Amino acid sequence: MTLGNTGENELMALFGGTFDPIHYGHLRPVEQLACEIQLEKVILLPNNVPPHRPQPEASSAQRLKMAQLAVEGNPLFSVDSRELQRDTPSYTIETLETLRKERGTEQPLAFIIGQDSLLTLYKWYRWESLLDVCHLVVLARPGYARELDTPALQRWYDAHITEDAGQLRQRPQGCIYQANTPLLDISATEIRQRRHEGRDCSDLLPFSVERYIESQGLYREHFTS
Ligand SMILES: Nc1ncnc2c1ncn2[C@@H]1O[C@H](COP(=O)(O)OP(=O)(O)OP(=O)(O)O)[C@@H](O)[C@H]1O
Ligand SMILES: O=C(O)c1ccc[n+]([C@@H]2O[C@H](COP(=O)([O-])O)[C@@H](O)[C@H]2O)c1
């Protein structure tokens with residue numbers, strides 16, 4: 001599917017992830033963020049070949065489907081499958097540069113990440129160019145410090161951080177905003193692990209996603225003898 005329509009100076013927010021699987025730790029903080037900074041649309045961007053991590057258990061098509069099921073009937077979200085069309089690592093800067101070209105120089109763009117992603121951002125491909133094409137909005141995540149322990153990242157962060165959410169609309173790119181969203185201690189790792197142990201995880205993700213996982217036999221129980 002393709003991007004929804006956003007008005008010319010409307011803030012376009014994208015939330016990239018491996019989503020193996022998508023869960024409430026993704027959805028709930030972003031819903032709260034939408035209230036906090038008045039977002040009308042958030043575009044989920046499942047990656048194809050996630051950089052810097054073990055490859056997912058579910059296929060790209062299955063992760064896309066789970067993202068679609070998770071937000072079905074929820075007008076806040078749409079899903080963009082553009083990264084699934086490339087077999088090379090899904091580098092965010094490349095995706096955002098393409099979007100910037102499509103949307104022109106004036107459209108405010110924001111890429112949403114969790115605090116854990118911020119802490120390792122200095123490892124991303126051409127990370128220092130990210131703010132040339134978008135804002136970064138950071139969701140708090142339990143277990144991940146607010147302090148950045150890499151001097152280059154800290155300097156870059158200090159030069160771009162704003163507490164004024166209005167900046168995300170007044171400028172097309174270039175700001176970092178730390179959201180005041182609730183902490184949800186949920187990870188896809190925990191869901192996969194619970195499933196491997198034959199444990200219930202219905203409290204961690206939408207029923208439609210859980211049902212799909214069952215129907216596809218994903219994250220199967222690991223039997224030990
Ligand atoms: N509970 C959470 N709270 C805030 N941000 C989150 C949470 N879970 C994931 N994110 C953020 O969502 C984005 C996509 O995350 P991802 O799909 O890798 O999920 P994950 O739960 O971190 O997966 P895994 O456990 O497999 O590493 C990342 O930027 C990550 O920081
Ligand atoms: O561009 C990079 O080098 C890069 C490195 C790590 C992660 N990302 C992107 O960040 C988002 C969250 O990644 P992950 O691994 O936590 O699911 C997702 O859209 C990834 O494609 C991007």
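I began with the helix α1 and looked up what covers its buried residues, and I noted that the cover includes β1 (12–17), β2 (42–46), α2 (60–71), β4 and β5 (135–139). Helices (H or I, at least four residues) and strands (E, at least two) are DSSP runs, numbered from the N terminus.

This is a predicted model, in which local features need pLDDT of at least 70 and side-chain atom pairs count only at pLDDT 80 or more, while totals for chains, interfaces and linings use all residues. Residues are numbered from 1 along each chain as its sequence is written, and chains are lettered from A and ligands numbered from 1 in the order in which they are written.

Which residues of α1 are buried? I listed Gly25, His26, Leu27, Pro29, Val30 and Leu33, where buried asks for 20 or more other C-beta atoms within 10 Å of the residue's own, again placed from the backbone. Just after α1, I found glutamine 38 with a positive phi of about 55 degrees.

Next I turned to ligand 1, which is surrounded by 18 residues, the closest being Gly17, Gly25, Gly114, Ala188 and Thr189; a residue counts as near if its C-beta atom, placed from the backbone, lies within 6 Å of the molecule. I saw that α1 (24–37), β4 (109–114), α4 (115–119) and α7 (188–196) each supply at least two residues of this shell, and that the largest share, three residues, comes from α1.

Conventions: A residue is buried if 20 or more other C-beta atoms lie within 10 Å of its own, exposed if 12 or fewer, and partly exposed in between; C-beta atoms are placed from the backbone. Two residues are in contact if their C-beta atoms, placed from the backbone, lie within 7 Å.
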